[in-house]
Amino acid sequence: MVLGAILILSLTAQISAKAVVDGNGVKTSVFLSPKFVMGPGSVVNRVYDNVDFPKGHIAIKSFDAEVVDEAGNPVPLQETYLHHWVVVRYQQKIDADIPESIGNLGLHQSKYSILPNSGVCQNDVLGQYFGLGSETRKTSTHVPDPYGIEIGNPSDISPGYEERWMLNVHAIDTREVQDKLGCTECSVSCAIKDPLSARPCALPLPI
């Protein structure tokens, strides 16, 4: 069976009065990551630059993600093990040309910089990121009132730069794998039972 894999990111944010959707002025939005194709026993560990994300000066209240197929249905953990997903805020030179999907952002450090959180630890020491793994997938990311994670503040962005978001997805297709536990723990190769029957699946991560 051919599947479509996508990471869905569900974002709840405090926004301006013009976009109020409930009594507290909180709006929830769903975004899809770029599609990634997988087959039984395959592993994806990919970085996507400049993913879709809300624009403007807002405060994030919660942030959740899951893998879905092309029809938007959640993919069972026993089929695609989501090792982790991480979403990071950064700023990039407006005229910089960086590929959408890249394996090593360190090659482009002169064109971008990570935007640290506004807490007590600066210079990316205990920086604030959004991300979870399979074992922590039910962990609440809700920030209680009256607080929120501020993004989109123009004073945080250096002249000539713009705010962007990058996504890292590490997923393992365990369908037809001989040793699923060993495969997900990276202790053995993800050898499949019948290589001739293996078919790819394309999956997106909704954000």
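Which residues do ring pairs link into a cluster? Select F53, F63, W85, F130 and W165: ring pairs join these into one cluster. Before zooming in, take a look at the whole.

**Stop 1: the whole chain**

This is a predicted model. Colour it by pLDDT. The mean for the protein is 76, and 70% of the residues reach 70 or more. Now select residues 15–20. Here pLDDT stays under 50, and the model has 5 contacts beyond four places in sequence for this stretch.

Switch to a cartoon view. The protein has 1 helix and 12 strands. Follow the elements from the N terminus: β-β-β-β-β-β-β-β-β-β-β-α-β. Next, consider contacts between residues at least 6 apart in sequence: 77% of them join residues at least 24 apart.

Of the 207 residues, 44% are buried.

**Stop 2: the ring pairs**

Hide the surface and show the aromatic side chains. The whole structure holds 5 aromatic pairs. Select F63 and W85. Their ring centres are 5.6 Å apart, with 25 degrees between the planes, and the pair is stacked. F63 sits in strand β5 (residues 58–68) and W85 in strand β6 (residues 80–93), so this pair ties together parts 22 residues apart in sequence. Both F63 and W85 are buried.

F130 belongs to strand β9 (residues 130–132) and F63 to β5, so the pair ties together parts 67 residues apart in sequence. F130 is buried, like F63.

**Stop 3: the nonpolar cores**

Which residues touch the most other members of the largest nonpolar core? Select F36, F53, W85, V87, F130, W165 and V169; the core has 21 residues in total. β3 (36–38), β4 (43–48), β5, β6, β9 and β11 (161–173) each supply at least two of its residues.

Then move to another core, which lies apart from the largest one.

**Last stop: back to the cluster**

Return to F53, F63, W85, F130 and W165, the residues linked by ring pairs. Among them, F53, W85, F130 and W165 are also on the list of core residues touching the most other members.

Methods: Residues are numbered from 1 along each chain as its sequence is written. This is a predicted model: local features need pLDDT of at least 70, side-chain atom pairs count only at pLDDT 80 or more; totals for chains, interfaces and linings use all residues. Side-chain values use heavy atoms; hydrogens and water are left out. pLDDT is the predictor's confidence in each residue, from 0 to 100. Contact means heavy atoms within 4.5 Å. Rings of Phe, Tyr and Trp (its six-membered ring) pair if their centres lie within 6.5 Å; planes under 30 degrees apart count as stacked, over 60 as edge-to-face and the rest as tilted. Helices (H or I, at least four residues) and strands (E, at least two) are DSSP runs, numbered from the N terminus. Buried means under 20% relative accessible area, exposed over 50%, partly exposed in between (1.4 Å probe, protein chains only). A nonpolar core is a set of buried Ala, Val, Leu, Ile, Met, Phe, Trp, Tyr and Cys residues joined through side-chain atoms within 4.5 Å.
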